[in-house]
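The entries follow the order in which I looked things up.

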Amino acid sequence: MVDIHSHVIPFVDDGSKSLEDSISMIKSEIENGVTDIIATPHHAYKLYEKSKEEIVENFNLLSSKCKELNLNINLYLGSEIYYTTREDIISLLDNGYYRVSIDIANLVEGVTKLGKYQFKSKEERHAENFRKMFIAMAN
């Protein structure tokens, strides 16, 4: 089983606050049948401002500790990107955080504009969120 969204890297966001907490989280995942974890630390413009180097350093620290303890887990580094505007995404690109195209920034701008629509019900809003997700995945 693969965990595709985990805040297991210590010291980088509102997830794990210590290496010991991270190891405990990973052991629990292993006990529940997880074999692979994609660590997805937050990256939010002006909210979580850890540098790419800090994130990689703490990911490597965690990976080394897992190997030292012979934990049967595969760790991968990903990211949970928060955005509010096209400019936020362009800032991430300009700072070299991610290898994505400007098309992503354009998609963010379009989805953000769609999000300003006022819905009559919670169900309509949920349906719109799914529609936006499908549009984003289409390309």
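I am working from a predicted model, where local features need pLDDT of at least 70, side-chain atom pairs count only at pLDDT 80 or more, and totals for chains, interfaces and linings use all residues. Residues are numbered from 1 along each chain as its sequence is written, and side-chain values use heavy atoms, with hydrogens and water left out.

I looked up the strand order and found an open sheet of 3 strands, 1-2-4, with parallel pairing. Strand 1 (2–6) and strand 4 (74–77) are the edges, each pairing on one side only. Neighbouring strands are turned by 20 degrees against each other on average, direction ignored. Helix 2 (residues 52–68) packs on this sheet and touches strand 2 and strand 4; its direction makes about 175 degrees with that of strand 4.

Terms used. Strands are DSSP runs of E, at least two residues, and helices are runs of H or I, at least four, numbered from the N terminus. Two strands pair if DSSP finds at least two bridges between them. Axes are lines fitted to C-alpha atoms, for helices over the stretch in contact, with angles from 0 to 180 degrees between N-to-C directions. Contact means heavy atoms within 4.5 Å.

Strands 1 and 2. I checked this pair: strand 1 and strand 2 (residues 36–39) run parallel over 3 bridges. Ser6 stands opposite Ala39 in strand 2.

Asp36. I found Asp36 in strand 2. Its C-alpha lies 4.7 Å from that of Val2, 34 residues away in sequence.
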